[in-house]
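Hi,

Here is the structure I promised to pass on.

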Amino acid sequence: MAASKSSDHPVSGKVGEDMTADGVIGNGYDPVQPVRLHPTLSETSPEARFFLQCGIGKPHVRAATEAARANATTIEKELMAEGLIDPDLYYRWLACELGLPHLDEIDPEEVVRLPSMDVLLHRDGPLRLLRAGGQVTAIVPEARQLDDYRSRLRDMPGLRDSLAIASPATIRKAVWQADAAERVRRITFELDQDRRDASARRVMTGSQGFLLGLAVYLSATCLVLWPFAAFTVLHIVLTLFFSGGILLRLCALLMSAFRRNRTHACEPPSGTRLPVYTVLIALHDEAEMIPAIVSRISALRWPKSLLDVKYVCEIDDTATISALQAQQLGPECEIVLTPDFGPRTKPKALQYALQGARGSLVAVYDAEDKPAPGQLLEACAAFAEGDDRLGCVQAPLAIANLGTNWISGLFALEYSGLFRVLIPFLARVRMPIPLGGTSNHFRRVALEAAGGWDPHNVTEDADLGLRLYAHGYRTGTLNSATVEIAPSTLEVWTRQRTRWLKGWAQTWLVAMRRPMHTVRVLGPAGFAVFQLMIAGMLVSALAHPLMFAFIGLTLAWLASGMASPVSDLHRILMWIDLINIAGSYLVFASMGWRGFTRHERTRLKRRWVLLTPLYWLLMSVAGWRALGQLVSNTHLWEKTPHPAAPEWAAMAEAANNLAKNPGMERVKGIEPSS
C-alpha cells in the first residue's frame with residue numbers, strides 16, 4: 001500500500017523531522033526496558049508490514065514492535081503514544097480504507113444507554129448509536145484486523161449501513177457525556193447508600209447528637225456544682241492526649257535515629273510486565289498551573305502506551321479546560337469534566353474520574369506537584385515486592401519554598417516530620433496511616449474494596465487511609481519524593497488548615513458511630529493510634545491555649561498562698577503541662593530536622609523554629625474555625641490558591657533545584673547530616 005500524499009495521512013510530521021535521509025532516527029526512541037515479550041509480534045508480522053507500507057520508517061516500526069512486545073500492546077498504540085501517528089487522522093484514514101463513515105463527534109443524545117456502558121471508558125468500542133437512519137455501531141478497528149473487516153464487508157455488504165468508525169477518545173467522550181447525570185448522582189451517594197456508617201454526608205447520627213448533648217449538659221452541671229473537680233478531670237484528660245501524642249512521635253523519632261529505613265527497588269524486577277497506570281489530577285481554577293503540571297506528568301518514566309492520565313475539571317471551569325486543550329495533550333491524556341452536582345470537593349472529582357480509570361494501579365497528584373520522574377516505577381516495584389494486602393504506598397512530600405518566610409518554613413518542617421519520620425514508622429509497625437492528599441499510589445482493587453473516596457469528606461486522605469486499614473489493607477512508603485509549594489500567607493494557611501481539621505473531625509465522627517465495630521476492625525493498637533493521630537490532633541489544636549491557661553492558674557493558685565491538699569496534684573499536673581508543651585515543640589522540630597536533607601537544612605532559617613509556639617497557637621485558631629464550619633458549612637471546600645505567575649516561576653525554579661538535590665529522589669535513603 002503506497003503512502004498517501006494527502007494532508008489527512010495519519011503519519012505525523014514527526015517522522016519526517018526525526019529521520020535523516022538514510023532512515024536513521026534523529027532524536028532516538030527510549031522505551032522502558034522490555035520485559036516478558038509478546039510472542040506474536042515481529043518486524044515481519046502483517047501489522048508491522050502494514051505500517052511500513054504506510055510510509056513509516058523501519059527504525060520507528062522496529063522500535064514500536066519491540067515496545068509492543070514488551071508492553072503487550074499493539075504497534076499502532078505504540079506509534080500513537082510516541083506521537084508518530086495522529087489518532088484522529090489515523091481513524092479517519094482507516095474509515096476511508098474500509099469505505100465506512102468516520103465520526104468526528106458523537107452526539108450524546110444518540111448513545112444507546114445500557115447498564116454496562118461505562119465499560120467503554122476502560123476499553124475501546126463498540127458503541128451503539130440510535131440515529132435518524134436507524135441503529136449504527138461505532139467501532140474502533142485495529143490495523144491487524146483490516147483484512148478481516150474487508151472480508152466481512154465484502155461478504156455482508158449490508159453491514160456498511162450499520163457501522164461507522166470513531167477514535168477511542170471520541171467514543172469515551174460520548175460515554176462520559178451520555179451518562180454524566182446518572183453517574184455523578186451514583187458516585188455522590190453510593191458510599192452513603194451502600195455503607196451508610198462510612199459516609200461523612202451526615203455530620204453525626206441521632207445517637208451521637210444525643211450523647212453530645214448529654215455530655216455538654218453533664219459537663220456544664222459539673223462545672224457549676226463542682227468546678228474544682230471538673231477542671232481537674234478535664235485537665236487530666238487533655239494531659240493524657242498530649243502525652244500520648246508526644247510519646248507516639250518520640251517512638252517514631254527514636255526508631256528513625258537508630259534503625260535505617262528499609263529501602264526497596266527503584267524499578268520492578270526484570271521479567272515483570274508493567275501494568276496500565278492511571279494518574280488522576282483534580283484541578284479547579286488552575287489555568288496558570290497547567291503548563292507546569294502537564295510538563296511534569298509527561299516527564300514520568302512510564303511507557304506512554306500504558307499510561308492513563310486524567311485531568312479532572314469542574315464542567316464550568318472554562319479557563320482551566322481551555323488551558324488544558326491548548327497543551328495538545330497526547331493520546332494517553334484525557335480531560336474529564338465533573339458535572340455540577342453535589343458537594344464541590346476534590347474527593348468527588350476523584351471518585352467520578354475513577355469510574356473511567358483503565359489502570360490496575362492508580363496515582364493521585366495535585367496541580368502544583370513535581371513528582372520524581374521514577375516515582376511510578378518505584379511504586380510498581382513496591383507493589384511487586386509486597387503481598388496482596390499492600391493496598392497503598394505514600395510518597396514523601398518536600399516543600400520547595402521553605403525559605404520564603406516562617407510560615408512556609410515551619411510548614412516544611414511539619415511535612416518533613418510527618419512524611420519522612422512518622423508515616424514510615426506507622427507503616428513499619430503496620431498501623432493505620434492518615435494519607436497525604438497527594439502522591440498516593442493505590443492498587444485499584446484495594447481502592448474499590450474500601451469504597452473509594454468519600455465525596456462528602458473534605459480531608460479525604462485521612463478518611464481513606466483509615467478505611468483501607470479497616471478492610472485489611474496496609475500502607476507502605478516510597479523513597480522518591482514529590483516537591484510542592486506550601487502556603488506562605490497566614491490567610492491561605494488558615495483556610496487550608498481549617499479544611500484539614502474539619503475533615504479530621506468528620507473522619508473521627510464517622511469512625512465513632514460504632515466505636516466497638518471500629519475497635520474490632522482496627523484492633524486495639526490500631527484504635528489507639530487512630531485516637532492519638534486524629535482525635536489527638538483535634539484536641540491538641542483546640543485545647544493548646546488551655547494548657548497555658550492551666551499553667552497560669554496553677555501558678556496563681558500557688559502564689560496566692562491558699563494551697564490545699566489538692567495543690568500537690570495540681571503542682572504535678574503543672575509540671576506535666578510544662579513537659580508536654582516543651583516536649584511537643586522539641587519533638588515537632590526534631591522530627592522535621594531529622595527528616596530534612598542537608599540542602600533543606602541550609603535553606604531553613606533556624607530562628608524560625610523559635611516561632612513554633614505561635615505556629616501551634618495558629619493551629620488552635622484554625623481548629624476553632626473548623627469546629628464552627630463543621631456545624632454551619634460542613635462540606636465547604638476551601639481551596640488552597642496557588643501563587644501568581646511571577647511568584648510561581650521563582651518557586652518552580654526552587655522546586656527544580658530541590659528535586660535535583662542528591663537525596664530527594666531517595667529521601668529515606670539519605671545519610672544523616674552531621
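Below is what turned up, starting with a sheet and ending with salt bridges.

Some housekeeping: this is a predicted model, where local features need pLDDT of at least 70, side-chain atom pairs count only at pLDDT 80 or more, and totals for chains, interfaces and linings use all residues. Residues are numbered from 1 along each chain as its sequence is written, and side-chain values use heavy atoms, with hydrogens and water left out.

**The sheet**

Seven strands make an open sheet with mixed pairing, in the order S6-S5-S4-S7-S11-S9-S12. Helices (H or I, at least four residues) and strands (E, at least two) are DSSP runs numbered from the N terminus, and two strands pair if DSSP finds at least two bridges between them. S6 (333–338) and S12 (474–477) sit at the edges with a single partner strand each, so one side of each has no neighbour in the sheet.

Have a look at S7 (residues 361–365): 5 of its 5 residues are buried, so the strand is largely enclosed by the rest of the structure. Buried here means under 20% relative accessible area, exposed means over 50%, and partly exposed is in between (1.4 Å probe, protein chains only). In a regular strand, side chains alternate between the two faces of the sheet. In S7 both faces are covered, with Leu-361, Ala-363 and Tyr-365 on one side and Val-362 and Val-364 on the other.

S7 runs parallel to S4 (residues 277–283), joined by 5 bridges, and Tyr-365 is the bridge partner of Ile-281. With S11 (residues 440–443), S7 pairs in the antiparallel sense over 4 bridges; there, Ala-363 partners His-441.

**Salt bridges**

The whole structure has 31 of them, counting a side-chain nitrogen of Lys or Arg within 4 Å of a carboxyl oxygen of Asp or Glu.

- Arg-497 and Glu-414 have their closest N and O atoms 2.9 Å apart. Arg-497 is in helix H18 (residues 490–511) and Glu-414 in helix H15, so the pair ties together parts 83 residues apart in sequence. Both residues are buried.
- Arg-150 and Asp-147 come to 3.1 Å by the closest N and O atoms. They are 3 residues apart in helix H6 (residues 146–155), or about one helical turn. Arg-150 is partly exposed at 27% relative accessible area, while Asp-147 is exposed at 54%.
- Lys-77, Asp-124, Arg-172, Asp-308, Lys-310, Glu-334 and Arg-358 are linked in a salt-bridge network.

Cheers
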